[in-house]
Amino acid sequence: MPENSNITSDRKCFANKFLRKILIIMPKINTFIVGAMKAGTTYVADVLEQHQDICISRPKESMFFIDTPELTTRGMGVRVLEKAYAHFAGERVVCEASTQNLSCAESAKYIKDYNQDARIICILRNPVDRALSHYKHLKRAGLIKDDINSFFDSDCLLRRECLNGSLYNLHLSRYFELFGRNAVKVYYYEDLVKNRPVFFERLLDDLGVGFPVQGLDLDFRSNESAGVNLAILQSLVFRNRSFLRLAKSLVPTLIYTRAKSAWQYLESFNTKKDDAVVYSRTRDVLEDLLRSDIRKLEETLERDFSGWLSRGGAW
C-alpha cells in the first residue's frame, strides 16, 4: 500500500511539473501593442524588454493575430507563438507588438477571442507624418521606386496600405467596441519624443509594473526610416547595445558619459540625411485624404488634433 501511494505521489509530482512547464512555455499574452506603424512601437518594445517583469515576444511582431482563424488554430500557428515566447520566465506582463494588428480589420476580434481581458496599447503619431515615414520605410526597403509625389498620386496597393495605416479612428473604434475604453490605452509619439522618462512612467504605471525609469536605457534608436552609410556598422555596432551596457557596469560614470556621447555622434554620422523632398502639395493631399478621420478621432478621444494639420483647424 505505501508503495502504491509513493507511485501515485510521483505521478502527481510529474504531472505538476509537466503542467508548470507547459505554462512557462506557452504563457497567456495579456498585453498587445497594436500600433501604429512608424510611431515608435519598436523603440517602446525594446525599452520594455529591459524590464524584469515584462516579456516581449521575439520577434516583437509575431503576426499571429493577423492571419485567418484557421491558421492560428492549426498546430503550425501555435508553434510559431510558442517559439516567440521560448524565453518566458514567469514575467507578469506578456506582450505582443504586431503593428498590423491596428490596421487589420479582423485582428481586434482575434485578440478578443484569444483573451477577452487583454490590455490594448496604441501609440498614435501625426497621421500625415506617419504616412510620410511609412513611404520612406518602403523606399529604403526597395519596395517602391517612385518619388514621394508620384507615389501618393498613384493608386497602387502599397499606397492604399500606407494611407490605411493612418486612419486611426476607423481602426481604434473596433478595439473600443470590443474591449471598452478602460482596456484601451492611447499614447502619443509626440509625447514620447518630447519627454521619454515621463512617457514611460505613465506606461509602466498603466501596466502595473511601476519601476524607476532611471533603471532603463532610453538613449538609443530603433527601426529608423532613414538609411545608413555603412550597413555593416549599423548592424554590428549601433543595433547592438551590449557594448554600452557592459561599459556602464565597468567604467566610472564620467568615462561612460563621454563614451556614450561619442557613440551617439558616430551613430548620427552613420545615418543618411533624408533626401526625399516633401513638397507642400503632397502634405496638402495627405491632409485632405485624412482630414475626415482626424475629425472623427477628435470626437472619439475628446482631444484637439488641429496641430496635426499644417493649415491649423480649418476643416
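1. In this predicted model, helix 7 meets helix 9 through R130, A131, H134, Y135 and L138, which touch L158, E161 and C162 on the helix 9 side. Sorted by class, the contact holds five nonpolar, one polar and two charged residues.

2. Two packed helices are described by the angle between their axes and the distance between the axes. For helix 7 (residues 127-140) and helix 9 (residues 157-164), the axes come within 9 Å and cross at roughly 140°. The crossing is right-handed.

3. The model has 14 aromatic pairs. In one of them, the ring centres of Y135 and F151 are 5.4 Å apart and the planes stand at 45°, so the pair is tilted. Y135 belongs to helix 7 and F151 to helix 8 (residues 148-153), and the two are 16 residues apart. Y135 has 2% relative accessibility and therefore counts as buried; F151, at 0%, also counts as buried.

4. Y168 and W308 form a pair with ring centres 6.0 Å apart; their planes are at 70°, so the arrangement is edge-to-face. Because Y168 lies in helix 10 (residues 168-179) and W308 in the segment after helix 16 (280-301), this pair ties together parts that are 140 residues apart in sequence. Both residues, Y168 and W308, are buried.

5. Ring pairs also join F32, F64, F65 and Y114 into a cluster. Y114 has a charged neighbour as well: K28 lies over its face, 4.2 Å from the ring centre. A further case is R125, which lies over the face of Y189 at 4.4 Å from the ring centre.

Terms used
Residues are numbered from 1 along each chain as its sequence is written. This is a predicted model: local features need pLDDT of at least 70, side-chain atom pairs count only at pLDDT 80 or more; totals for chains, interfaces and linings use all residues. Side-chain values use heavy atoms; hydrogens and water are left out. Axes are lines fitted to C-alpha atoms, for helices over the stretch in contact, and angles run from 0 to 180 degrees between N-to-C directions. Helices (H or I, at least four residues) and strands (E, at least two) are DSSP runs, numbered from the N terminus. A crossing is left-handed if the near helix is turned anticlockwise from the far one by less than a right angle, and right-handed if clockwise. Contact means heavy atoms within 4.5 Å. Ala, Val, Leu, Ile, Met, Phe, Trp, Tyr, Cys and Pro count as nonpolar, Asp, Glu, Lys and Arg as charged, and the others, Gly among them, as polar. Rings of Phe, Tyr and Trp (its six-membered ring) pair if their centres lie within 6.5 Å; planes under 30 degrees apart count as stacked, over 60 as edge-to-face and the rest as tilted. Buried means under 20% relative accessible area, exposed over 50%, partly exposed in between (1.4 Å probe, protein chains only). A charge sits over a ring if NZ of Lys or CZ of Arg is within 6 Å of the ring centre and within 35 degrees of the ring normal.
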